[in-house]
Every structure is written in structure tokens, then in C-alpha cells.
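Work through these exercises with the model open in your viewer. Try each task before you read its solution.

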Amino acid sequence: MLKENFLWGGALAANQCEGAYNEDGKGLSIMDIITAGDKDHPRQMTMDIKEDCYYPNHEAIDFYHRYEEDTDLFAQMGFKCLRVSIAWSRIFPHGDEEEPNQKGLAFYDRLFETLHQKGIEPVVTISHYEMPLELVKKYGGWRNRKLIDFYVHYAKTLFERYQGVVKYWMTFNEINSTIHIPAIAGVIIKADEDEKSIAYQALHHQFVASAKAVRLAHSIDSQNQVGCMVMTTVGYPQTPHPLDVAAAQNYLRDGTLFFCDVHVRGHYPAYFKSYGVKINVTKEDQEILSQGCVDYIGFSYYSSQVVSRNNNGEETQGNIVKGLKNPYLKASEWGWQIDPQGLSFLMKELYERYEKPLFIVENGLGYDDQLTEDGCIHDDYRIDYLRQHLDMMKKTVEAEHIDLMGYTAWGPIDIVSAGTGEMKKRYGFIYVDKDNQGNGTLKRIKKDSYYWYQKVIATNGEDL
Ligand code: BGP
């Protein structure tokens with residue numbers, strides 16, 4: 001049985017749903033200058049808006065103006081919580097101002113009030129792949145230590161404004177992506193630079209900023225619960241060859257656990273020295289890390305990988321996964337291998353290692369849904385995916401006595417894909433009429449999975 005106050009819901013990111021990219025004083029974020037790609041082509045950063053390019057995040061699904069309708073649909077589904085992010089560049093258009101943009105704050109005032117009126121608890125990611133572009137141009141993004149102060153000032157503004165309104169926070173979405181795609185942290189690396197060290201330095205600055213934010217959140221309101229958010233995946237050994245098994249062990253540690261280690265334990269693990277990177281970690285940084293341990297572990301889980309001694313499973317470009325195939329698993333059209341067992345593996349690993357509450361804040365199936373002649377979307381494949389994962393989640397909670405706070409399905413309404421910028425990579429229970437080129441009425445249509453998830457929530461996961 002899941003606990004009574006289990007946080008069922010969905011998860012969104014501002015840049016992938018809000019649109020209104022230049023309204024009410026919002027500055028440009030790094031996601032506003034990224035073009036659309038597809039499953040074979042990564043998205044491109046243009047650094048400035050070019051006339052002849054299509055930027056899917058500019059309008060996204062117009063949640064900025066349609067949040068009333070959308071949150072009504074979530075409330076009818078029975079959502080207990082909604083994970084959203086705040087667009088940093090709505091609050092600080094350039095990222096380094098003293099005073100926040102009141103119109104930007106006003107939007108989130110309205111959104112949170114609406115959610116509370118509908119009995120939905122907001123769960124807020126402070127930074128979800130959407131830092132102000134000016135911080136990249138002026139300071140080089142997270143490679144610059146100055147970003148810590150800008151972020152902390154931004155976080156403080158939010159904690160003060162939303163005291164008693166928002167209780168659940170996450171500091172950085174999928175903080176580990178900085179290592180795979182430094183540009184997501186605003187870090188553009190030149191050919192002659194030591195890429196690995198710069199990426200880990202940028203990551204370190206975010207670790208420090210996160211720890212400072214955790215401490216601040218607690219001092220402003222002791223009710224605040226602040227988590228990390230780590231992208232997780234398991235790597236299975238391709239063969240029983242001891243070196244393949246060792247590669248898989250390292251893959252899990254270096255790709256997932258390392259990031260939790262620093263956030264949860266408050267210090268760099270001894271094995272970090274084996275990474276051979278040169279980064280500047282001051283005595284003061286170490287103290288800050290040890291005083292800002294997170295309250296819970298938020299994580300995303302979509303698929304598992306296969307790892308061998310010759311391939312570390314990291315052949316990815318953005319969210320486009322091009323790793324080794326697992327002959328025992330099916331994969332989505334985008335190559336994400338479907339593996340509910342992997343979720344159980346990770347839940348056990350994380351809970352055994354840290355004994356901290358867990359929160360599954362992203363999970364789901366990206367699928368090119370088709371409207372049928374009856375005007376519906378019969379997405380039994382999505383129901384299948386979610387049913388299998390939720391079943392595994394429930395069984396693992398029960399068998400292992402795991403403290404699991406909640407589950408938020410990724411993209412409960414179709415949104416722009418983070419990895420490819422496509423609209424057709426849909427995760428939603430609610431369909432949005434819009435295509436990859438930006439055409440469509442933006443009309444919302446309930447899919448079959450909508451009614452299924454409604455029933456799941458109503459029975460607290462008993463009826464899957
Ligand atoms: C995670 C991100 C999300 C989200 C999700 C699905 O990595 O935190 O922002 O988009 O993946 O990825 P995609 O949209 O590429 O299918």
C-alpha cells in the first residue's frame with residue numbers, strides 16, 4: 001500500500017509548456033534560442049533569435065495563458081500535486097539584477113493560488129534547463145563562480161515570496177546533465193579547453209548553490225522540504241565478463257550515484273579523485289556542502305542501458321539515446337528501452353544507500369500519438385508502460401519498506417520535447433493539437449490514459 005498522502009501528479013518544465021517567451025518583461029532563456037531537431041538530429045543553439053528559424057519553446061503549448069483550463073483538467077484527474085518549474089528569466093530577466101520583475105512573480109502567484117484552490121500542491125523546480133541567456137553571454141554560465149550568488153538571490157526571492165505557499169522544492173533539474181551537455185548549464189567549451197574539468201567545475205558551482213539554497217530554505221521556513229533532482233538510469237552488463245560487470249557498476253556510480261552522494265552526504269566521495277579532473281573546491285565550499293544536505297531525493301527514470309567494457313553506455317546526444325540494444329527489452333521510437341525492473345533496481349539502490357525519502361518526479365513514454373476518426377487517442381501503449389512502472393513501484397515500496405513521497409508522470413499534457421524540440425514526442429494524458437512545425441489549434445483532448453490515471457489516483461494506486 002502506498003501512503004495515504006502519496007503525492008500523485010504530473011511534472012512540467014516552464015520552458016516546455018509556458019510559451020509567452022517575451023511577455024511581461026521576461027528575458028530570453030537558453031531554451032528560447034534552441035531550434036527544433038528530431039530523433040536523428042540534435043537541436044541547435046543560435047545564441048540570438050534568427051528570423052528564419054523555428055523555436056518551439058517560444059509558444060510551446062501556451063500554458064502561460066491556459067493554465068486555468070489545464071489545471072482544471074489536472075484537478076479532474078485527481079492530481080494531488082503538480083511539479084512545475086519557475087522560469088528564472090521571468091523573475092530576473094538578465095539573471096543578475098537586484099530587483100525581481102514583479103510581473104513575472106505575479107504569474108506564479110496566480111498559478112500557485114489556482115493550484116491551491118483546486119487542492120493541488122505545487123512542487124517547484126527552481127532551475128530546469130532554462131537559465132537566463134544573459135548569464136551565458138556575460139559570465140559564461142555555470143563555469144563562473146559568480147553564478148552561485150545570482151542563483152541564491154533568485155532562490156531567496158522565491159522562498160520569501162512563496163513562504164507558506166510552496167513547501168516542496170528541487171534545486172536543479174537533472175543536475176547530472178551538465179556533464180553530458182555542458183551547454184544546458186550555459187557552458188560553451190572551446191576546442192582547446194579541458195572539457196571534463198570545466199564541466200565538473202560548473203557542476204561544483206551548482207552543488208554549492210544548491211546547498212546554499214537548501215540552508216536558506218530551511219532558515220526561511222522550517223516546513224520547506226528541498227530535494228535534489230537526478231536523472232537516473234541503470235546500466236546492465238552486456239555479458240557476464242567481469243570487465244563488463246565492472247563497467248556497469250561504474251556506470252551506475254558515476255552516472256547516477258555520484259550526484260546523489262554530494263547532495264545527500266554533503267561531501268565529495270573519495271572515488272571522485274579517480275575522475276582525474278582539476279577543479280577548485282575551497283574549504284568554505286566544503287563547509288557549505290556539508291551544511292546543505294537535501295531532504296529528499298527527486299529523480300527521473302525512463303529507461304535502462306546496456307554497458308560493456310568497450311562502450312560506457314553514454315553514446316547520447318541530448319536526450320537522443322544511441323546506446324547498445326538490450327535484446328530482452330522493447331524500445332520507444334526514440335530508442336528509449338522500456339524497463340520497469342530498472343525502476344525497482346534504482347529505488348532499492350537509492351534507499352539502501354541513503355535512507356532518505358524518494359520522490360519519482362519524472363517517468364513516462366514518449367509516443368507519436370495519432371488522433372483516430374472518433375476524435376480520440378487510444379493510447380493503450382502508454383497505459384501499458386505506466387501500469388508496468390507503477391506496479392513495480394508499488395511492489396518495491398511494499399517489499400523494501402521504502403519511504404516514497406510521490407510520483408509525478410512526465411508531461412501530463414503534451415509539451416515540447418526537451419531533447420528534440422518535437423511536439424510529436426508526446427507524454428501526455430491530454431493531447432494538444434500542435435505539430436512539429438508549430439501548426440495547430442492548441443485544443444486539448446483527453447486521451448484514454450486520462451481516465452485510466454484518474455482511476456489510479458482515486459484508488460491510491462490499488463487499481464492499475
Ligand atoms: C528529462 C527532462 C525533461 C523531459 C524529459 C523527457 O531529461 O528533465 O525536461 O523533457 O527528460 O525528455 P524528452 O522531452 O527529450 O523526451
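The model is predicted.

**Exercise 1. Threonine 420**

Task: Decide whether threonine 420 is buried or exposed.

Solution: 
- Find the residue. Threonine 420 sits in the loop that runs between β12 (404-410) and β13 (430-432).
- Count its neighbours. There are 25 other C-beta atoms within 10 Å of threonine 420.
- Apply the cut-off. A residue with 20 or more such neighbours is buried. Threonine 420 is therefore buried.
- Leucine 12 and threonine 420 are 408 residues apart along the chain, and their C-alpha atoms are separated by 16 Å.

**Exercise 2. The chain as a whole**

Task: Compare the radius of gyration of the chain with that of a compact globule.

Solution: 
- For 464 residues, a compact globule would have a radius of gyration near 23 Å.
- Take the value for the chain. It is 21 Å, which agrees.
- Look at the extent. The C-alpha trace spans about 60 × 55 × 50 Å along its principal axes.
- Check burial. Of the 464 residues, 51% are buried.
- Check the contacts. Take those between residues at least 6 apart in sequence: 75% of them join residues at least 24 apart.
- List the elements. The chain has 13 helices and 14 strands.

**Exercise 3. Helices α2 and α4**

Task: Work out how α2 is oriented relative to α4.

Solution: 
- Recall what is needed. Two packed helices are described by the angle between their axes and the distance between the axes.
- Read both values. Helix α2 (residues 63-77) packs on helix α4 (residues 102-117) at about 5°, and the axes are 10 Å apart.
- Classify the angle. Angles under 35 degrees count as roughly parallel, so α2 is roughly parallel to α4.
- Name the residues. Tyr64, Tyr67, Glu68 and Thr71 of α2 meet Phe107, Leu111, Thr114 and Leu115 of α4.
- Sort them. This contact of α2 with α4 has five nonpolar, two polar and one charged residues.

**Exercise 4. Helices α8 and α10**

Task: Classify the crossing of α8 and α10 by angle and by hand.

Solution: 
- Read the geometry. The axes of α8 (residues 195-220) and α10 (residues 283-291) cross at roughly 50° and come within 8 Å.
- Classify the angle. That makes α8 oblique to α10.
- The α8 and α10 crossing is left-handed.
- Name the residues. Helix α8 contributes Phe207, Val208, Ala211, Lys212 and Arg215, and helix α10 contributes Asp285, Ile288, Leu289 and Gln291.
- Sort them. The contact of α8 with α10 divides into five nonpolar, one polar and three charged residues.

**Exercise 5. Helices α12 and α13**

Solution: 
- Read the geometry. Helix α12 (residues 380-400) and helix α13 (residues 448-458) cross at roughly 25°, and their axes come within 9 Å.
- Name the residues. Asp380, Arg382, Ile383 and Leu390 of α12 meet Asp448, Ser449, Trp452 and Val456 of α13.
- Sort them. Four residues of the contact of α12 with α13 are nonpolar, one is polar and three are charged.

**Exercise 6. Positive phi**

Task: Find how exposed alanine 20 and aspartate 62 are.

Solution: 
- Take alanine 20. Its phi is near 45°, a positive value in a residue other than glycine. Alanine 20 lies in the loop between α1 (14-17) and α2.
- Count. Alanine 20 has 18 C-beta neighbours inside 10 Å, so it counts as partly exposed.
- Take aspartate 62. Its phi is positive too, about 60°. Aspartate 62 lies in the loop between α1 and α2.
- Count again. Aspartate 62 has 16 other C-beta atoms within 10 Å and is partly exposed.

How values were computed. Residues numbered from 1 in each chain as written. Predicted model: local features only at pLDDT ≥ 70, side-chain atom pairs only at ≥ 80, totals over all residues. Axes fitted to C-alpha atoms, helices over the stretch in contact; angles between N-to-C directions. Helix = DSSP H or I, 4+ residues; strand = E, 2+ residues; numbered from the N terminus. Contact = placed C-beta atoms within 7 Å. Nonpolar A, V, L, I, M, F, W, Y, C, P; charged D, E, K, R; others polar. Buried ≥ 20, exposed ≤ 12 C-beta atoms within 10 Å, placed from the backbone. Rg over C-alpha atoms; globule rule 2.2 N^0.38 Å. Parallel < 35°, antiparallel > 145°, perpendicular 65-115°, else oblique. Left-handed = near helix turned anticlockwise from the far one by under 90°.
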